[in-house]
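This report concerns the contact between two protein chains. Please keep the sequence and the structure at hand while reading.

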Protein chains: 2
Amino acid sequence: MLYLVGLGLGDAKDITVKGLEVVRRAKWVFLEAYTSILTCGKDALEEFYGREVILADRDMVEQESDAIFKDAKEEDIAFLVVGDPFGATTHSDLVLRAIELDIPYKVIHNASIMNAVGCCGLQLYNFGETVSVVFWTDDWKPDSYYDKIAANREKGWHTLCLLDIKVKEQSIENLMKGRKIYEPPRYMTVKQAAEQFLEIVQKKKEQGAEKQAIEEDTICVGLARIGTDTQQIAAGTLTQLAETDMGGPLHSLVIPGHMHPLEIDMLRHFAIDRESFDTSVHVEE
Amino acid sequence: MLYLVGLGLGDAKDITVKGLEVVRRAKWVFLEAYTSILTCGKDALEEFYGREVILADRDMVEQESDAIFKDAKEEDIAFLVVGDPFGATTHSDLVLRAIELDIPYKVIHNASIMNAVGCCGLQLYNFGETVSVVFWTDDWKPDSYYDKIAANREKGWHTLCLLDIKVKEQSIENLMKGRKIYEPPRYMTVKQAAEQFLEIVQKKKEQGAEKQAIEEDTICVGLARIGTDTQQIAAGTLTQLAETDMGGPLHSLVIPGHMHPLEIDMLRHFAIDRESFDTSVHVEE
């Protein structure tokens, strides 16, 4: 049996009791290590589980999944995923290959940012489509997520923005020379994302857009390390968030749509500055 | 410290290790027992935790939260919620009251249907607003969720429909006479929800609507007891789902929007009938 086990968001102890039982009895334990990051490190997992954990990088999962499936017909194999196993497309792919090979599978769910984001007080069922915000380069500055957020806001819905993660990326030089030398991992911060948004807002203004879906004083919510002991939530204008350092990864950003009074009451407790928060919320209404 | 602890979706062992530690050391352990249901029963929880669990019904949480908060300033109090603590509005309310009373709180997240629904193969970030489908009565047949689903589908997004739960409801007679006698709990099934949808589709047709957002042969996904060992997923036309018995609660229904090839590949494995599935998917494209 192939078990896809969600690890949740924080540390080793965020695994479920059921998940832990699987890990402890499995023949092999793989850890997916490229669509998200662990905040606690592989060593801490190994110590807590009392098991060796094999890092499965993108190459392994996409090209060498045979290694993962090798014993899965007769034995229990655990494939660990930070958050929930169905947060990222790649794991559907893995399940499909398991089905093709006639390998039974089971999912042990856990929290992911997709539902834990509710802790900021915005109601989960009022979220629209989720968007991804990627790192810009000098000559590639995609901003199509702006239109998606605009479409959500038009309907009154909140938008969760997943911020880019660059793990095991190669420089163009190393890629061309076929050298497996990887750049240090990079995780987009709320500050960086807010700066990108401001640049887009500025560009739209220069292009003559009148009423915009997002303005400099639109209330947004920065989330950092949700589910860990050091989690931070900051509600403020886009400009304020572009000036706010929320510490280490992972970060996410929410652009609220229409907010109900209870949502505003909760969010106010995370305001960077309550006075400007109330002003901005009032303007939006 | 007030701990809001998510229990996940299945049985007692779906609590996280961190959550279990809190439950075992807390002075009091409350279980929220009205926005969702436990599939395993309170006794099974008590046995597994080795702790007495106090059922907190709606009256207690909304009107007598003092009982929950009584010792929370000095001691650890655990408030257990099926799924994740931020699935339902009521728990924001509880947190706000804790903040007002200067009681620190912490959330221990877990899976909820809001993210576990990804196990059917439809990508979480392509879901739009979530809707609630309530039981109809003879003279109250709300169908506003239809327009919300239509709005989602127009954008190409999937819709998760949360199906009604009636727990501790009083009949009008008992309510008027002030008798605390409660009706047996009722949980809407996929079959019942699909029947409602068909009735709305029929009504819209009679009113002369031409192209509709949902038709009898629209592919939908029924989900039952997600996260448990007996979970079932069934993909089929609305008509097929209205004829399908998916067993005991809890059920949810998904109306897909635009599906990517990988999503279709996954969903096909859950098709009630692959041939009609392929036909309907093809028509939609």
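The text below takes up the interface and then the relation between the two copies.

The model is a predicted one, and its interface brings 52 residues of chain A into contact with 52 residues of chain B. Between them, chain A and chain B bury about 4600 Å², with 60% of this area on carbon and sulfur atoms. The polar side of the interface is described by two counts: eight salt bridges between chain A and chain B, and 23 residue pairs in polar contact, both residues of each pair being at pLDDT 80 or more. One of the salt bridges joins the side chains of A:D11 and B:K18, with 3.3 Å from N to O.

On the side of chain A that touches chain B, the elements that contribute two or more residues are α1 (17-25), α5 (89-100), β5 (105-108), α6 (113-116), α7 (144-154) and α11 (261-268) of chain A. Among these, α5(A) gives the most, with six residues. The residues on this side of chain A divide by class as follows.

| Class, side of chain A that touches chain B | Count |
|---|---|
| nonpolar | 23 residues |
| polar | 17 residues |

How are the two copies related? Chain A is superposed on chain B by a rotation of 180° with 0.0 Å of shift along the axis, at an RMSD of 0.0 Å, which means that the relation is that of a two-fold axis. The same surface serves both copies, since 100% of the contact residues of chain A recur in chain B.

Notes. Residues numbered from 1 in each chain as written. Chains lettered and ligands numbered in written order. Predicted model: local features only at pLDDT ≥ 70, side-chain atom pairs only at ≥ 80, totals over all residues. Heavy atoms only, no water. Contact = heavy atoms within 4.5 Å. Buried area = accessible area lost by both parts, 1.4 Å probe. Salt bridge = Lys/Arg side-chain N within 4 Å of Asp/Glu carboxyl O. Polar contact = N/O pair within 3.5 Å; in protein donor to acceptor, adjacent residues only side chain to side chain. Helix = DSSP H or I, 4+ residues; strand = E, 2+ residues; numbered from the N terminus. Nonpolar A, V, L, I, M, F, W, Y, C, P; charged D, E, K, R; others polar. Least-squares fit on C-alpha atoms with pLDDT ≥ 70 in both.
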